[in-house]
Amino acid sequence: MNAATKLGAYVLGLAVVFGGALGVGNAVGEVGPAPAKSEHEATHSASAADSDGGHAEATATAQDDTPGGLQVSENGYTLNPLTTVKPGEPTDFRFTVTGPDGRPVTDYQVEHDKKLHFIVVSRDLGSFQHLHPVQDGDGVWSVKLTLADPGAYRAFADFAPAGGSGLTLGADLLVAGDYAPKPLPRVARTATVDGYAVSLAGDLVPGQASKLTLSVSKDGRPVTDLQPYLGAYGHLVALRAGDLAYLHVHPEESVKAGPEITFYAEVPSGGEYRLFLDFQHDGKVRTADFTARAAGAGAAQPGADGHGH
């Protein structure tokens with residue numbers, strides 16, 4: 001074996017060792033700062049990265065940056081719808097989440113008072129349902145679901161398996177029939193629902209946590225006796241128009257039961273987003289919805305009125 005062949009085999013061996021170590025590191029997680037590399041190790045690690053590790057690092061970064069809900073399968077977990085839905089018919093909708101072993105997951109962490117949050121929206125983002133299915137002993141979830149109109153819908157399962165990190169998986173649901181998508185409701189700062197008015201203060205800024213404050217009033221008076229819902233005085237879901245990327249929104253803890261509910265949302269890009277606020281008052285959960293625009297979209301300022309359920 002000549003010198004060039006020996007050197008190539010040595011570098012390839014390092015690439016294999018480096019790739020295997022990277023896989024183990026990802027599985028175990030970060031346990032502390034990595035020790036400094038010697039000059040010799042740094043040189044050969046760079047060679048290994050040039051041959052294959054650079055691609056692996058780019059792939060891992062891309063996965064970390066991918067918003068939730070765009071994938072039906074992630075980190076070995078897969079959302080599996082088991083039921084076909086007909087327009088306007090109440091359906092006992094069933095689905096599973098299978099784990100890396102291919103079996104339905106049965107053990108979940110409780111987050112926001114539930115083991116799993118199930119969101120169903122139309123692809124044109126005109127309809128929204130936040131549901132809480134029931135799980136049987138075999139890991140099959142079921143929930144009453146009615147999709148009024150034919151068309152394309154997106155279902156999201158938001159959960160954290162026991163001992164794992166939170167995930168949001170998404171799957172398309174197709175309802176047969178004539179379908180005419182509706183235009184996205186225009187950007188607005190206020191929404192009305194069941195006699196309640198909800199106003200939105202704050203702006204979405206790509207790449208950073210944006211403070212959003214929603215204020216609830218009824219008959220012109222601030223509502224100061226909101227009731228807790230999912231462990232807070234409100235629950236906010238944000239979806240990006242176009243691909244329906246599902247964004248995690250974190251509520252700010254508050255001892256005041258309204259009228260203001262504050263959240264922090266981080267959007268990945270400029271563009272239009274749909275915001276759906278669930279809040280509870282007088283024993284009933286209501287949903288107010290907004291279209292908001294993140295900086296960089298280059299469009300007109302929000303209008304004065306809104307759209308609500």
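This is a predicted model: local features need pLDDT of at least 70, side-chain atom pairs count only at pLDDT 80 or more; totals for chains, interfaces and linings use all residues.
Residues are numbered from 1 along each chain as its sequence is written, and side-chain values use heavy atoms, with hydrogens and water left out.

The protein chain has two helices and 20 strands, where helices (H or I, at least four residues) and strands (E, at least two) are DSSP runs numbered from the N terminus. Of its 309 residues, 37% count as buried, a term that means under 20% relative accessible area, with exposed standing for over 50% and partly exposed for values in between (1.4 Å probe, protein chains only). The accessible surface comes to about 16400 Å², and 53% of this belongs to carbon and sulfur atoms; such areas come from the Shrake-Rupley method with a 1.4 Å probe, and for residues only the protein chains shown count as cover. Among contacts (heavy atoms within 4.5 Å) between residues at least 6 apart in sequence, 63% join residues at least 24 apart.

The second largest pocket has a volume of about 350 Å³. On a 1 Å grid over the protein atoms alone, a pocket is an open set of points where a 1.4 Å probe fits, with protein on both sides within 12 Å along at least five of seven lines, and lining residues have an atom within 4 Å of a point. Grid points are joined across faces, edges and corners, and the volume is the space filled by probe spheres set on the points. This pocket is lined by 21 residues, of which S122, D124, S127, D149 and K182 lie nearest its centre. Strand β8 (residues 151–159) gives the most to the lining, with three residues. The lining divides into 10 nonpolar, seven polar and four charged residues, where Ala, Val, Leu, Ile, Met, Phe, Trp, Tyr, Cys and Pro count as nonpolar, Asp, Glu, Lys and Arg as charged, and the others, Gly among them, as polar.

Most residues other than glycine have a negative phi, and most peptide bonds are trans. L125, in the loop between β4 (116–122) and β5 (128–131), has a positive phi near 65° and is buried, with a relative accessible area of 1%. D282, in the loop between β18 (271–281) and β19 (284–294), also has a positive phi, of about 55°, but is exposed, with a relative accessible area of 55%. A cis peptide bond with omega of about 0° joins G258 and P259, and P259 is found in the loop between β16 (249–251) and β17 (260–266).
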